[in-house]
Amino acid sequence: MRRDHGGDIDAAAARFGAGDWIDLSTGINRRPWPVPGLPALAWRALPTSAGAQALTRVAAAWFGCVPAHVLPVPGASAAIQLIPRLLPRGRAAVLWPSYNEHGASLRAAGWQVTDTRDPAQMAGADLAVVVNPNNPDGRDWTPATLAALAAQVGHLVVDESFADARPDLSLAGSAPGNCVILRSFGKFWGLAGLRLGFVIAAPDLLARLAEATGPWAVSGPALAVGSAAMADLAWADATVVYHAEAGLRLDRMALRAGWQPAGGTHLFRLYDTADATIAQERLARHHIWTRRFPYSPGWLRLGVPGNRPEWDRLGAALTVR
């Protein structure tokens, strides 16, 4: 069953016409890490254990934890689908609003799911899910707050897919034993098509997850690109600075258009537009695609433009009535 997500430029083009679309609907970095040419062996041979171990070491250094607690997976979304099936079914609490795959995957796996807006109301759940910083409103919680919550639930899943620019929020280096932390590669490094993510958890759960994903779950090119990209700290520092400044610029543009900031992260901003359908269609007529949400008539989410032509087109679209 199709669920509501960003992306799907083909559907946007079918409604508003083909052309050079700017996709700001996903929160994926539009200034991706520059992928170099890869050795032919990365494409021709099966992934090696040495390649997986190299990526695990680099990723652990980035996350601030030990390699034994890190498992590369074929996208964070794969882990979202599998983890509910690896834990004993029971009552789950999802901090809402949230990335909708969490609740959907839990329900599909037979969990009883309750949506809540307050972490204090999650106590006693067999499994609690928190996205930190949150998608789509950017709310965040300190590691101490989440560690305290972990002591009150059976398992705590923390989705840190948008935390690469905010290491101060990450629980990875001090996670209690009942925590499962999800990290995305595609968002911050802007290479979602690589289908790479990570799970940080106790080794016994990682062993079960590795068995569930099977051998060669992460491709050779993903291992090679992920290792090189996550070791490029100069690029990462420049990316954080760009997006911090760009978020402020995007907020100023939105305010001039009459929208009110409603939250966000380094990679996307959320606005209350009063009527998100009208706002989305206004930008779509300029071939700029954005994300609205079925549960909020006013919320519109925009990713951060990646270059001057994209900024110029967005600015023009926001000034035309």
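The model is predicted. Its largest pocket has a volume of about 620 Å³, and a search of the whole structure also finds 2 cavities of 30 Å³ or more. The largest nonpolar core has 40 residues, and the structure holds 0 disulfides.

**Largest pocket**

- The largest pocket, with a volume of about 620 Å³, is lined by 32 residues.
- His-5, Thr-26, Ile-28, Tyr-99 and Lys-187 are the lining residues that lie nearest the centre of this pocket.
- By class, the lining of the largest pocket has 14 nonpolar, 12 polar and 6 charged residues.

**Second largest pocket**

- The volume of the second largest pocket is about 340 Å³.
- This pocket is lined by 17 residues, and Ala-52, Gln-53, Thr-56, Leu-71 and Pro-72 are the closest of them to its centre.
- At least two lining residues come from each of α3 (49-63), β2 (70-73) and α7 (203-213).
- Helix α3 gives the largest share of the lining of the second largest pocket, 4 residues.
- The lining of the second largest pocket holds 11 nonpolar and 6 polar residues, and no charged ones.

- Helix α5 spans residues 100-108, and its buried residues are Glu-101, His-102, Gly-103, Ala-104, Ser-105 and Leu-106.
- These buried residues pack against helix α4 and against the strands β3 (91-95), β4 (112-116), β5 (127-131), β6 (155-159) and β7 (179-184).
- Just after α5, Gly-110 has a positive phi of about 95 degrees.
- Residues lining the largest cavity include His-102, Ser-105 and Leu-106, which are among the buried residues of α5.
- Ile-80, Ile-83, Pro-84, Leu-127, Val-129, Val-157 and Leu-182 also line the largest cavity.
- The elements α4, α5 and β5 each give two or more residues to the lining of the largest cavity.
- That lining is made up of 8 nonpolar and 2 polar residues, with no charged residue.

**Second largest cavity**

- The second largest cavity holds about 40 Å³ of space.
- Its lining is formed by Phe-162, Asp-164, Ala-165, Phe-188, His-266 and Leu-267.
- By class, these lining residues divide into 4 nonpolar, 1 polar and 1 charged.

**Nonpolar cores**

- In soluble globular proteins, nonpolar side chains tend to be buried together.
- Within the largest nonpolar core, of 40 residues, the most contacts are made by Phe-63, Leu-156, Phe-185 and Phe-198.
- Helix α8 (residues 220-230) supplies the largest share of this core, 5 residues.
- Setting aside residues up to four places away in sequence, Phe-198 touches Phe-63 and Phe-185, and also Leu-55, Ala-59, Val-70, Leu-71, Pro-72, Val-73, Ile-181, Leu-182, Arg-183 and Met-230.
- Another core, of 23 residues, lies apart from the largest one, and its members include Leu-71, Leu-127, Ala-201 and Leu-206.
- Leu-71 of this other core is also among the residues closest to the centre of the second largest pocket, while Leu-127 of this core is one of the residues lining the largest cavity.

**Gln-280 in helix α10**

- Gln-280 sits in helix α10, which runs over residues 276-284.
- Gln-280 counts as buried because its relative accessibility is 5%, and buried means under 20%.
- Beyond its neighbours within four places in sequence, Gln-280 is in contact with Trp-289, Thr-290, Arg-291, Arg-292 and Leu-300.

**Cysteines**

- The structure holds 0 disulfides, and Cys-65 has its nearest cysteine sulfur, that of Cys-179, 13 Å away.
- A disulfide is a covalent bond between the sulfur atoms of two cysteines.
- The sulfur of Cys-179 is 13 Å from the closest cysteine sulfur, in Cys-65, so it is too far for a bond.
- Cys-65 counts as buried, at 15% relative accessibility.
- Cys-179 is also buried, with a relative accessible area of 3%.

Definitions and conventions: Residues are numbered from 1 along each chain as its sequence is written. This is a predicted model: local features need pLDDT of at least 70, side-chain atom pairs count only at pLDDT 80 or more; totals for chains, interfaces and linings use all residues. Side-chain values use heavy atoms; hydrogens and water are left out. A disulfide is a pair of cysteine sulfur atoms within 2.5 Å. Buried means under 20% relative accessible area, exposed over 50%, partly exposed in between (1.4 Å probe, protein chains only). On a 1 Å grid over the protein atoms alone, a cavity is a set of points where a 1.4 Å probe fits but cannot get out, and a pocket is an open set with protein on both sides within 12 Å along at least five of seven lines; lining residues have an atom within 4 Å of a point. Grid points are joined across faces, edges and corners, and a volume is the space filled by probe spheres set on the points. Ala, Val, Leu, Ile, Met, Phe, Trp, Tyr, Cys and Pro count as nonpolar, Asp, Glu, Lys and Arg as charged, and the others, Gly among them, as polar. Contact means heavy atoms within 4.5 Å. A nonpolar core is a set of buried Ala, Val, Leu, Ile, Met, Phe, Trp, Tyr and Cys residues joined through side-chain atoms within 4.5 Å.
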